[in-house]
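Thanks for coming. I have one structure to go through today, and I will keep to what can be computed from the atoms.

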Amino acid sequence: SLPSPASSSNVCDRRVAFLKIVGGSCLLSSSSFLQSASARTPGSDDVTEAVAQIRDAALDLRQLQKDWDLYAVVTSEGRAGNNTAGARRILGGIAPQAGDAAIEVAKVTPLYRIDGAFTAIRKAAIDAEDKTSWEFRLDFAAFDEIAERVLFEIQKADGDFYGVNFASKGTTQLSGIYNEARAEVDKGSVDLEEMVRLLTIAGAPGL
């Protein structure tokens, strides 16, 4: 049956909002995420997988906070420690190699290509016409705003962990860079937890 005029208007409004947003989000995400693999099956629009990826990403970021001192290291020579790449892998900034092995690695690295999960859920929410579905009930505006923040925060933290390797010697300078990265990780953790809360309220699967 055809959707009611009210529901058609709602869907239209969501689609218009998405078209206004998607250009900016693609520009933001492409600078750090250059590979085609994702933590979901490549090319998949499975929203259940996307929800699981977001849930796991929130857990990974929380664990990074707990293990921070393992990654934010300044050596006795005043250089960055040798585990910055480990932090960048968690943050999704180091792409897995190509092939099937890369897909398996990506599946256990949920922050890698997290933008794909956001896009899958955005599309599902935009296209939702069934008012009883969790996709329709999702607070789309709040979800989308958080998604944009998370992409910025994670990429900024990853950039800090990359750039610290090229900083001049000095505990003060390196500690400052690590502190900036930590601030972004902390904000990202809060935002991902809020995103999971929005998905839970809507009734998304697996939460």
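This is a predicted model: local features need pLDDT of at least 70, side-chain atom pairs count only at pLDDT 80 or more; totals for chains, interfaces and linings use all residues.

The protein has nine helices and zero strands, so from the N terminus on the order of elements reads α-α-α-α-α-α-α-α-α, with helices taken as DSSP runs. Of its 207 residues, 45% count as buried. For those who think in contact order: if we take contacts between residues at least 6 apart in sequence, 77% of them join residues at least 24 apart.

Now the core. The largest nonpolar core holds 49 residues, and Ile54, Phe118 and Leu192 are the ones that touch the most other members. At least two residues each are supplied by helix 2 (47-66), helix 3 (68-71), helix 4 (84-91), helix 6 (114-127), helix 8 (140-163) and helix 9 (171-202). Which helix gives the largest share of this core? That is helix 9, with eleven residues. As background, nonpolar side chains in soluble globular proteins tend to be buried together.

Setting aside its neighbours within four places in sequence, Leu192 is in contact with Ile54, Ala57, Ala58, Leu61, Leu111, Phe118 and Val150.

Next, helix 6, where Phe118 sits among the buried residues. Helix 6 has 14 residues and spans 20 Å from first C-alpha to last, close to the 20 Å expected at 1.5 Å a residue. How many of those residues are buried? Eleven of the 14, and helix 6 is mostly covered. The buried set is Ile114, Asp115, Gly116, Ala117, Phe118, Ala120, Ile121, Arg122, Ala124, Ala125 and Ile126. Note that Asp115 and Arg122 are on that list.

Helix 6 packs against helix 2 at an angle of about 135°, and the two axes are 9 Å apart. Why do we call the pair oblique? Roughly antiparallel would need an angle over 145 degrees and roughly perpendicular one of 65 to 115, so helix 2 and helix 6 fall into the oblique class. Their crossing is left-handed. On the helix 2 side the contact is made by Val47, Ala50, Val51, Gln53, Ile54 and Ala57, and on the helix 6 side by Ile114, Ala117, Phe118, Ala120, Ile121 and Ala124.

Now the single residues. Ala72 is in the loop between helix 3 and helix 4. Is Ala72 buried or exposed? Its relative accessible area is 19%, and the cut-off for buried is under 20%, so Ala72 counts as buried. Leaving out neighbours within four places in sequence, Ala72 contacts Phe161 and Tyr178. Ala72 and Ile177 are 105 residues apart in sequence, with a C-alpha to C-alpha distance of 9.3 Å.

Ala85, in helix 4, has 27% relative accessibility and so counts as partly exposed. From Ala85 to Asn165 there are 80 residues in sequence and 9.8 Å in space, C-alpha to C-alpha.

Last, Glu184, which is in helix 9. Glu184 is buried, at 9% relative accessible area. Not counting residues up to four places away in sequence, Glu184 touches Phe152, Glu153, Lys156 and Ala157.

That is the end of the list; I can take questions.

Conventions
Residues are numbered from 1 along each chain as its sequence is written. Side-chain values use heavy atoms; hydrogens and water are left out. A nonpolar core is a set of buried Ala, Val, Leu, Ile, Met, Phe, Trp, Tyr and Cys residues joined through side-chain atoms within 4.5 Å. Buried means under 20% relative accessible area, exposed over 50%, partly exposed in between (1.4 Å probe, protein chains only). Helices (H or I, at least four residues) and strands (E, at least two) are DSSP runs, numbered from the N terminus. Contact means heavy atoms within 4.5 Å. The expected span of a helix is 1.5 Å times one less than its number of residues. Axes are lines fitted to C-alpha atoms, for helices over the stretch in contact, and angles run from 0 to 180 degrees between N-to-C directions. Angles under 35 degrees count as roughly parallel, over 145 as roughly antiparallel, 65 to 115 as roughly perpendicular and the rest as oblique. A crossing is left-handed if the near helix is turned anticlockwise from the far one by less than a right angle, and right-handed if clockwise.
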